[in-house]
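Have the sequence and the 3D view ready.

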Amino acid sequence: MELEVRHLRAIAAISDTGSLTLAARQLGMSQPALSKLLQRIERCVGDTLFVRSKHGSVPTPFGADVLAEAHSVLRGMSGIRERAQAWGARRGAREPLTIGGHCGYPHVALARRLRGLPWCPEVQLREDMNAQTAVDGLAVGACDLALVYVPPTGELTVPEPVAGVTVHASEPVFVALAHDHPLATGPGPVPLERLADHPWVDEPPGHTLWTSYLRQVCHEAAVTLDQRHSTVSLFTVLELITDQRAIAPAFSTSTDRPGTIAVRALAGDPLHLELRLLYRRHSIAHQHIDEVLHHLIAAYDDRLGCSRAYDAWWLAHRTSAAR
């Protein structure tokens with residue numbers, strides 16, 4: 001048996017309700033039927049997902065890990081459905097250009113540069129933390145362009161209506177830390193192994209492909225990060241960094257905040273991402289894709305001065321970016 005979306009919905013319902021009986025009622029099936037389905041799912045994944053206790057059905061440690069991935073998939077499916085419905089409701093109306101994906105500064109800077117061009121009177125941003133969700137939304141017309149980061153170990157399924165170009169084949173990932181943090185005061189890049197000596201904050205495991213990639217790189221380098229905090233809130237991350245309670249990964253275009261936050265490169269650039277610009281074929285964005293790419297590269301030029309780490313990387317690699 002292969003896992004299907006309905007199986008993920010079943011284990012998510014058990015986790016959310018804490019009860020096979022309540023989950024079965026929510027799913028519109030009998031409790032015995034759900035119990036048998038859970039047994040088949042557990043045989044498929046090879047281990048127990050829940051244990052019965054006085055508090056109800058509680059995820060095992062393995063189950064919690066599987067549920068993190070299941071919730072990520074379900075969020076993606078829900079996002080696709082909502083975007084498709086919204087697009088269908090407004091089909092035929094004149095809409096602004098919509099840029100999907102998630103990459104921080106380049107996302108906003110590109111929108112700023114395109115807005116007001118003769119073929120692009122207005123721009124909307126639609127953030128999708130999950131790169132595959134952004135690509136799927138692009139395929140069904142929920143957006144016109146998408147900027148996504150893909151780890152070297154990750155893969156994207158790109159449907160036929162979608163095409164794209166690699167902007168940066170290997171854009172480094174930096175670290176953000178308090179300006180007076182011990183690792184921020186050194187003269188050069190921060191060694192990866194030094195990160196293990198300090199608390200780490202990052203997105204929840206399984207939220208996107210990033211955490212799996214980070215785990216693999218650290219494993220190969222025999223480094224174990226002390227991730228004490230899990231969040232997708234930038235506000236929370238910045239507060240933890242400022243209080244010297246954590247170090248966080250940072251996009252290359254992240255900016256220093258004098259007296260508050262410092263952005264530093266990692267020695268040898270052990271972490272890097274591929275930046276892709278995706279678009280729908282035969283769309284207005286496709287017709288102007290060379291102009292879009294020109295503005296995206298110009299946005300990187302505009303970012304010079306945001307940090308010493310960024311300046312060193314961009315001045316050395318700008319000629320290798322897609323033109």
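## The nonpolar cores

The largest nonpolar core holds 55 residues, and L114, L145 and L195 have the most contacts inside it. A nonpolar core here is a set of buried Ala, Val, Leu, Ile, Met, Phe, Trp, Tyr and Cys residues joined through side-chain atoms within 4.5 Å. Buried means under 20% relative accessible area, exposed means over 50%, and partly exposed lies in between, using a 1.4 Å probe and protein chains only. Helix α10 (residues 289-302) gives the most to this core, with six residues. In soluble globular proteins, nonpolar side chains tend to be buried together.

Which residues does L114 touch, leaving aside its neighbours within four places in sequence? L114 is in contact with L97, I99, W119, C120, V123, L145, V292 and H295, where contact means heavy atoms within 4.5 Å. There is also a second, separate core of 19 residues, with A13, L34, L49 and L67 among them.

## About the model

This is a predicted model, in which local features need pLDDT of at least 70 and side-chain atom pairs count only at pLDDT 80 or more, while totals for chains, interfaces and linings use all residues. Residues are numbered from 1 along each chain as its sequence is written, and side-chain values use heavy atoms, with hydrogens and water left out.

## The whole chain

The protein chain has eleven helices and twelve strands. Both are DSSP runs numbered from the N terminus: helices are H or I with at least four residues, and strands are E with at least two. The C-alpha atoms fill a box of roughly 65 × 55 × 30 Å along the principal axes. A compact globule of 323 residues would have a radius of gyration near 20 Å, and the 22 Å of this chain agrees with that. The radius is taken over C-alpha atoms, and the globule rule is 2.2 Å times the number of residues to the power 0.38.

Buried residues make up 48% of the 323 residues. Among contacts between residues at least 6 apart in sequence, 72% join residues at least 24 apart.

Look next at strand β8 (residues 199-202). P199 and V201 point one way from β8, W200 and D202 point the other way, and all are buried. From β8 the chain crosses through helix α7 (residues 209-220) to β9, and this β-α-β crossover is right-handed: with the strands pointing away from the viewer, the path from the first strand over the helix to the second runs clockwise.

In which sense do β8 and β9 (residues 226-230) pair? They pair in the parallel sense over four bridges; two strands count as paired if DSSP finds at least two bridges between them. V201 stands opposite H229 in β9.

## Salt bridges

How many salt bridges are there? The count comes to eight, a salt bridge being a side-chain nitrogen of Lys or Arg within 4 Å of a carboxyl oxygen of Asp or Glu. One of them joins D144 and R280 (3.7 Å, N to O). D144 lies in the loop between α6 and β5 and R280 in strand β12, 136 residues apart. D144 is buried at 10% relative accessible area, and R280 is buried at 16%.

R281 and E160 also meet in a salt bridge (3.8 Å, N to O). R281 is partly exposed at 37%, whereas E160 is exposed at 63%.
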